[in-house]
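Please describe this protein chain from the whole fold down to single residues.

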Amino acid sequence: MRDIPERTRISKAELFVTDMMFDMIADLSDDAYYRETDAEGLIAGLFYRDVLGVYGVASGLIPDMSGIHEAIGWFRTSPDGTSMSQRDIARHVGLFGRDKAFAIMVDNVASSFAIYAVEDGIPRKVQAAVLEG
């Protein structure tokens with residue numbers, strides 16, 4: 001289990017990301033779409049704890065799966081929708097076990113996304129706050 005420092009958040013969101021990070025994910029998603037493949041990578045960042053629980057602050061992307069020790073989550077792009085499949089859930093649990101982590105599922109055809117946490121093998125949608133810059 002990670003040592004998670006206390007820090008009060010200004011929103012009930014569980015994940016804070018920058019618009020630039022979503023732009024990077026969108027670029028990777030577009031590239032995967034045109035290559036007729038999927039893309040995935042890790043979300044770098046830190047966890048904090050406050051009276052509402054544990055939340056994450058994303059600091060960027062790790063485009064391959066080798067930086068798991070710096071990751072607070074992962075993303076995948078696919079034309080198959082934004083729901084987490086059993087394969088996605090297994091991937092998430094394989095990467096993070098029972099630790100807190102986020103999954104951003106991107107549908108690169110519909111240009112939509114959803115963010116999840118997986119608890120006891122069950123995906124739960126979470127709120128995110130998107131920050132400029």
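**Overall build**

This is a predicted model. The protein chain holds two helices and eight strands. Along the sequence they follow the pattern β-α-β-β-β-α-β-β-β-β. The radius of gyration is 14 Å, close to the 14 Å that the globule rule gives for 133 residues, so the chain is as compact as a globular protein of that length. Along the principal axes, the C-alpha atoms fill a box of roughly 45 × 35 × 25 Å.

Take the contacts between residues at least 6 apart: 66% of them join residues at least 24 apart. Of the 133 residues, 45% count as buried.

**Surface and charge**

The accessible surface of the protein chain comes to about 7600 Å². Carbon and sulfur atoms account for 52% of that area. The chain carries 13 positive and 21 negative side chains. The centres of these two sets lie 8 Å apart.

The table sets out the class of each residue discussed below.

| Residue | Relative accessibility | Class |
|---|---|---|
| A58 | 9% | buried |
| D50 | 13% | buried |
| R49 | 32% | partly exposed |
| S111 | 65% | exposed |
| E36 | 75% | exposed |

The classes follow from two cut-offs: buried means under 20% relative accessible area, and exposed means over 50%. R49, at 32%, therefore counts as partly exposed.

**R49 and D50 in strand β2**

R49 is found in strand β2, which spans residues 39-50. D50 lies in strand β2 too. Which residues does R49 contact, leaving aside neighbours within four places in sequence? They are I4, P5, E6, R7, V54 and Y55. P5 is 44 residues from R49 in sequence, yet their C-alpha atoms are 6.0 Å apart in space.

D50 is buried, at 13% relative accessibility. With neighbours within four places left aside, D50 is in contact with R7, T8, R9 and Y55.

**A58 in strand β3**

A58 sits in strand β3, residues 53-62. Is A58 buried or exposed? A58 is buried, with a relative accessible area of 9%. Residues up to four places away are not counted in what follows. A58 touches L15, F16, V17, M21, I43, A44, G45 and I72. Among these, I43, A44 and G45 have numbers that fall within strand β2, residues 39-50. G73 is 15 residues from A58 along the chain, and the two C-alpha atoms are separated by 8.8 Å.

**Two loop residues with positive phi**

Most residues other than glycine have a negative phi. Two residues here carry a positive value instead. E36 has phi near 55° and is not a glycine. E36 is found in the loop between α1, residues 19-34, and strand β2. At 75% relative accessibility, E36 counts as exposed.

S111 has a positive phi of about 50°, again without being a glycine. S111 is found in the loop between β5, residues 102-107, and β6, residues 112-119. S111 counts as exposed, at 65% relative accessibility.

Technical notes
Residues are numbered from 1 along each chain as its sequence is written. This is a predicted model: local features need pLDDT of at least 70, side-chain atom pairs count only at pLDDT 80 or more; totals for chains, interfaces and linings use all residues. Side-chain values use heavy atoms; hydrogens and water are left out. Helices (H or I, at least four residues) and strands (E, at least two) are DSSP runs, numbered from the N terminus. The radius of gyration is taken over C-alpha atoms; the globule rule is 2.2 Å times the number of residues to the power 0.38. Buried means under 20% relative accessible area, exposed over 50%, partly exposed in between (1.4 Å probe, protein chains only). Contact means heavy atoms within 4.5 Å. Accessible areas come from the Shrake-Rupley method with a 1.4 Å probe; for residues, only the protein chains shown count as cover. Lys and Arg count as positive and Asp and Glu as negative; His and the chain ends are not counted. The place of a charge is taken as NZ of Lys, CZ of Arg, CG of Asp or CD of Glu.
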